[in-house]
Every structure is written in C-alpha cells, then in structure tokens.
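Me: Can you walk me through this one? I'd like the fold, then the packing, then any open space.

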Amino acid sequence: MSAFTVGDYLLARLQEIGVQHLFGVPGDYNLQFLDRVIDHPVIHWVDCANELNAAYAADGYARCRGAAALLTTFGLGELSAINGIAGSYADICR
C-alpha cells in the first residue's frame, strides 16, 4: 500500500486510545478501508453477522476497555447499528 491515508490516520488514532479490535460488517463502500484494517499490525477485524450485532459487540467491548470502534457500510445497515448505539446510551443514562 502506498501513502499514508485518512484510513491509516483513523487506525493510528484508534490504536492510540487503546482499541485493538474493530467490529463490523464488510460492504462495497468500506472494502478499501477494510484492507487497511486487515493489514494493520495491532487492530484486528471482527466480522459480525449484521450491523446490530456489531453495535452490541462494540458496546460490550467499550464497557470493558473504555473505547470501541464500529465499521459498517453505507445504507440501511446504519439504521440498525444506530439502535445498538442508542441502546448503549440509554443504559448509561439511567
């Protein structure tokens, strides 16, 4: 891979805050970034069945580790992932 990209920068910052796993669903709009994730020496890809499951996995990871990251593709899946993210906020606020 050639130059340092925005994706590389994002992965470097995630690594800096202690994220070692990236949860998500591969798709047509994130495949180039996913190649960078797979090649990363510290951050490991965790393939999830769907976006909601990825959001729940990232929520549990963040509760144990302090921070987490979620990767989805463009489209309807984000609406599903938002449900898991909103649920994590709702649990924190009660």
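Reply: Here is a short tour in that order. This is a predicted model, where local features need pLDDT of at least 70, side-chain atom pairs count only at pLDDT 80 or more, and totals for chains, interfaces and linings use all residues. Residues are numbered from 1 along each chain as its sequence is written, and side-chain values use heavy atoms, with hydrogens and water left out.

Me: In what order do the elements run from the N terminus?
Reply: They go α-β-α-β-α-β-α, which comes to four helices and three strands (DSSP runs: H or I of at least four residues, E of at least two, numbered from the N terminus).

Me: OK, packing. Which residues make up the largest nonpolar core?
Reply: Ten of them: Leu11, Leu14, Val19, Leu22, Leu34, Val37, Ile43, Ala67, Ala69 and Leu71. A core here joins buried Ala, Val, Leu, Ile, Met, Phe, Trp, Tyr and Cys through side-chain atoms within 4.5 Å, with buried meaning under 20% relative accessible area for a 1.4 Å probe, protein chains only. Helix H1 (6-16), helix H2 (31-39) and S3 each give two or more residues to this core.

Me: And what does Val37 touch?
Reply: Leaving out residues up to four places away in sequence, Val37 touches Leu11, Leu22, Ile43 and Trp45 (contact: heavy atoms within 4.5 Å).

Me: How much of the chain is buried?
Reply: Buried residues are 34% of the 94.

Me: Switching topic: what are the dimensions of the C-alpha box?
Reply: Roughly 45 × 30 × 20 Å, along the principal axes.

Key. Buried < 20%, exposed > 50% of the residue type's maximum accessible area, 1.4 Å probe, protein only.
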